[in-house]
Amino acid sequence: RKDAYIGNELCYSNTILNKDTHEICCQGNSLKLGLKEYQILELLMQNSAQIIPKERFIEKIWGFDSEAEYNAIEVYVSFIRKKLIAIGSNIQVKATRGLGYSLEDDHD
């Protein structure tokens with residue numbers, strides 16, 4: 001497994017997600033995530049071995065009765081992708097058409 005909790009940090013590949021500060025860190029670089037970005041990435045890192053359906057993001061982050069659209073998730077995922085690239089992370093958020101999102105280690 002490539003993911004692990006170390007205190008308040010969730011690690012996957014070469015990237016650390018800090019649960020207290022909502023920062024992602026990699027190779028000495030760090031960026032703060034917005035709340036929704038953090039919640040999406042946390043869910044992905046906690047379930048790194050599986051594809052998470054968009055419905056699950058909506059219910060866990062926005063709530064069952066939310067009016068949130070699926071394209072809201074796509075927008076946040078694109079923000080997360082840009083931030084991961086900016087800090088030099090090995091991980092990518094992969095979209096699987098019709099199924100959902102998963103994490104992948106670029107350097108496998």
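Reader: Which exposed residues does the face of H3 turned away from its buried side carry?

Author: That face carries Lys82, Ile85 and Ala86, where exposed means over 50% relative accessible area, buried under 20% and partly exposed in between, with a 1.4 Å probe and protein chains only. This is a predicted model, in which local features need pLDDT of at least 70, side-chain atom pairs count only at pLDDT 80 or more, and totals for chains, interfaces and linings use all residues. Residues are numbered from 1 along each chain as its sequence is written, and side-chain values use heavy atoms, with hydrogens and water left out.

Reader: What makes the buried residues of H3 lie on the same side?

Author: The buried residues of H3 are Ile73, Val77, Ile80 and Leu84. They cover an arc of only 60° around the axis, and therefore lie on the same side of H3; the arc is that of the directions from the helix axis to the C-beta atoms. An α-helix has 3.6 residues a turn, so residues three or four places apart point the same way.

Reader: How do you know that the span of H3 agrees with its 17 residues?

Author: The expected span of a helix is 1.5 Å times one less than its number of residues. For H3 that should be 24 Å, and its end C-alpha atoms are 25 Å apart, which agrees.

Reader: Why is H2 called roughly perpendicular to H3?

Author: Helix H2 (residues 54-62) and helix H3 (residues 70-86) pack at an angle of about 85°, with axes 10 Å apart. Angles of 65 to 115 degrees count as roughly perpendicular, under 35 as roughly parallel, over 145 as roughly antiparallel and the rest as oblique; H2 is therefore roughly perpendicular to H3. On the H2 side, the contact (heavy atoms within 4.5 Å) is made by Lys54, Glu55, Phe57, Ile58 and Trp62, and on the H3 side by Tyr70, Ala72, Ile73, Glu74 and Tyr76.

Reader: What places the buried residues of H2 on the same side?

Author: Lys54, Phe57, Ile58 and Ile61 are the buried residues of H2. Their arc around the axis is only 100°, which puts them on the same side of H2. These residues pack against H1, H3 and E7.

Reader: Why does Gly100 count as buried?

Author: Gly100 is in strand E7. Its relative accessibility is 6%, and therefore Gly100 counts as buried. Leaving out residues up to four places away in sequence, Gly100 touches Ile51, Ile52, Pro53, Lys54, Lys94 and Ala95.

Notes. Axes fitted to C-alpha atoms, helices over the stretch in contact; angles between N-to-C directions. Helix = DSSP H or I, 4+ residues; strand = E, 2+ residues; numbered from the N terminus.
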